[in-house]
Amino acid sequence: EVKMKNKKSIENIPIIFILLSFCGAFLTDDSRNIILLVITSLYLLYLILSTNKIVIKDIEVIVVLFIILILGIFTTLIHINDYSLRNVIRDIFYILNPIVFIWTGIMFKYKYEDRFDIFRIIVYIAVISSILNLLQIVKEPRILQVSSIYIFRNYIEVINAYAVLIAIVLLFTNKHIKNECNFGIFKLNLFRILCIISFIIDFSRTNYICLFIILCPFILPIIRKNIFKVRKIIYIVILIVLANFIMPDLMGTLFEKMIRSITELKASINWGDPSEIVNNWRGYEVYKAKELYLEGNWFEKIFGYGLGKLIPVGVFSELVGVDVSEGGITILHNGYYMMLIKCGLTGVLLYASVYLVGIRKMIIRIKNNLDLYRSKLLLGIFVGFLVSTYVTTGIINNRTDFVACFLMGYLLYLPSKDILEITNQQKYKEM
């Protein structure tokens, strides 16, 4: 019995998940995508073989991603002689990554049936990542004196930013994390502070917005009942104020950057001025994508140019680390415009459907009181990606976030026996 217990406890520590979570911190983009996809695919194969089952329940999101992949490959075959094989394969990898990561999360949940341990592991991953992020500042304290976010981010490579974001949500909203994971008051508050500081120094306006969106399903019902406890956000307010005193120039630049994000993607600026292109790069990407889209025939407008198609931005491609000799860029900050070029209007509708399908599924669960906490968390994650894809590509990316996609799959899968158990509990309460 002791041996069986030890075996179970070992199985419940997904070492491979932890290793994959840190994989992106130490590898370049291309090698990272290949290694992550290969290792995760092997782990997915192990989960399938060890359970002797391919789970097809709750995979609607994966199905939509598969349709995007098939559409992209089909359209590519029409232009196959026009594109570099390397660029085609690279785009295929970008779509395959979220498919494999999400499916791995579903299979992991099916095999281990543990809804809480993964949250604790994500918190520990986030805390370790936060410490590593802060150690970069300890090594180079002079970077606190720089006057630009862009210079600051050249020195600091924040790792596992999305895991840190999710950990903040968990540490403030999840009762299991606070009550049953051996997190005393000191440890809980220490973890909160570490994650919040790491979150702030990332200076990601997109993540700030995503955090707010993910928290909304938890905060709004409480506000309606007029029992919202302000002390739960005091940590964030205090740390933002302190950050403003410690790094006034950086915080000022951040606020300017957030304001600019509202107008940067309008693509209606005078693009003849190189300084405007540099200052509003995302808008310029959209402008060039629009030009390319309008040049296409009816078929290309509906189904796109295919995977491997580059968006020509001239010498300015070097702003995102792409050599001019490449002939253009394959990834845009605006994920919907990227999909517009690759798979046309059909692809844009499908890409939005990836998130909308998940949102609809979670709303139904919330209305039926099915796994309420996880459903609210995943609803916030899907809405966050639906919005952030407009400015940061989305889950189809050259740096697809493993933790985000794995967690999507893990939270999406709800075993039928769990639904039955929750339904019976609700009936018992009504009696």
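How are α2 and α19 oriented to each other, roughly parallel or oblique? The two helices are oblique to each other, a class that takes in angles that are not under 35 degrees (roughly parallel), over 145 (roughly antiparallel) or 65 to 115 (roughly perpendicular). In this predicted model, the axes of helix α2 (residues 15-23) and helix α19 (residues 402-412) come within 9 Å and cross at roughly 140°. Axes here are lines fitted to C-alpha atoms, for helices over the stretch in contact, and angles run from 0 to 180 degrees between N-to-C directions. On the α2 side F17, L20 and S21 take part, and they meet F402, V403 and F406 of α19.

Because the model is predicted, local features need pLDDT of at least 70 and side-chain atom pairs count only at pLDDT 80 or more, while totals for chains, interfaces and linings use all residues. Residues are numbered from 1 along each chain as its sequence is written, and side-chain values use heavy atoms, with hydrogens and water left out.

The protein chain has 20 helices and 0 strands; helices (H or I, at least four residues) and strands (E, at least two) are DSSP runs, numbered from the N terminus. Of the 431 residues in the chain, 52% are buried, where buried means under 20% relative accessible area, exposed over 50%, and partly exposed in between (1.4 Å probe, protein chains only). Among contacts in the chain with a separation of 6 or more, 79% are between residues 24 or more positions apart; a contact means heavy atoms within 4.5 Å.

The mean pLDDT (the predictor's confidence in each residue, from 0 to 100) is 79, and 75% of the residues reach 70 or more. Residues 1-12 have pLDDT below 50, and this stretch has 5 contacts in the model beyond near neighbours in sequence. The pLDDT is also below 50 over residues 245-255, a stretch with 24 contacts beyond near neighbours in sequence.

Two further helix pairs can be followed in the model. Two packed helices are described by the angle between their axes and the distance between the axes. Helix α6 (residues 117-139) packs against helix α10 (residues 185-201) at an angle of about 55°, with the axes 9 Å apart. The two are therefore oblique to each other. The crossing of α6 and α10 is left-handed, meaning that the near helix is turned anticlockwise from the far one by less than a right angle, whereas clockwise would be right-handed. Residues of α6 in this contact include V123, Y124, V127 and I131, and those of α10 include F191, L194 and I197.

Helix α8 (residues 161-173) and helix α18 (residues 372-392) pack at about 145°, with their axes 12 Å apart, and their crossing is right-handed. Here Y162, I166, V169, L170 and T173 of α8 meet Y373, L377, I381 and F385 of α18.

The structure also holds 7 salt bridges, each a side-chain nitrogen of Lys or Arg within 4 Å of a carboxyl oxygen of Asp or Glu. A network of salt bridges links K57, D58, E60, K361 and R365. K57 is partly exposed at 26% relative accessible area, whereas D58 is buried at 7%. D58 also forms a salt bridge with K361, at 3.0 Å from N to O. This pair links distant parts of the chain: D58 is in the loop between α3 (29-51) and α4 (60-78), and K361 is in helix α17 (residues 335-367), 303 residues apart. K361 counts as buried at 18%.

K342 lies in α17 and D91 in helix α5 (residues 85-112), so the pair ties together parts that are 251 residues apart in sequence. Both K342 and D91 are buried. Helix α5 also holds R86, which is partly exposed at 43% relative accessibility. The C-alpha atoms of R86 and G308 are 7.8 Å apart, although 222 residues separate them along the chain.

N369, in the loop between α17 and α18, has phi near 55° and is partly exposed at 40%. T393, in the loop between α18 and α19, has phi of about 70° and is buried at 4%.
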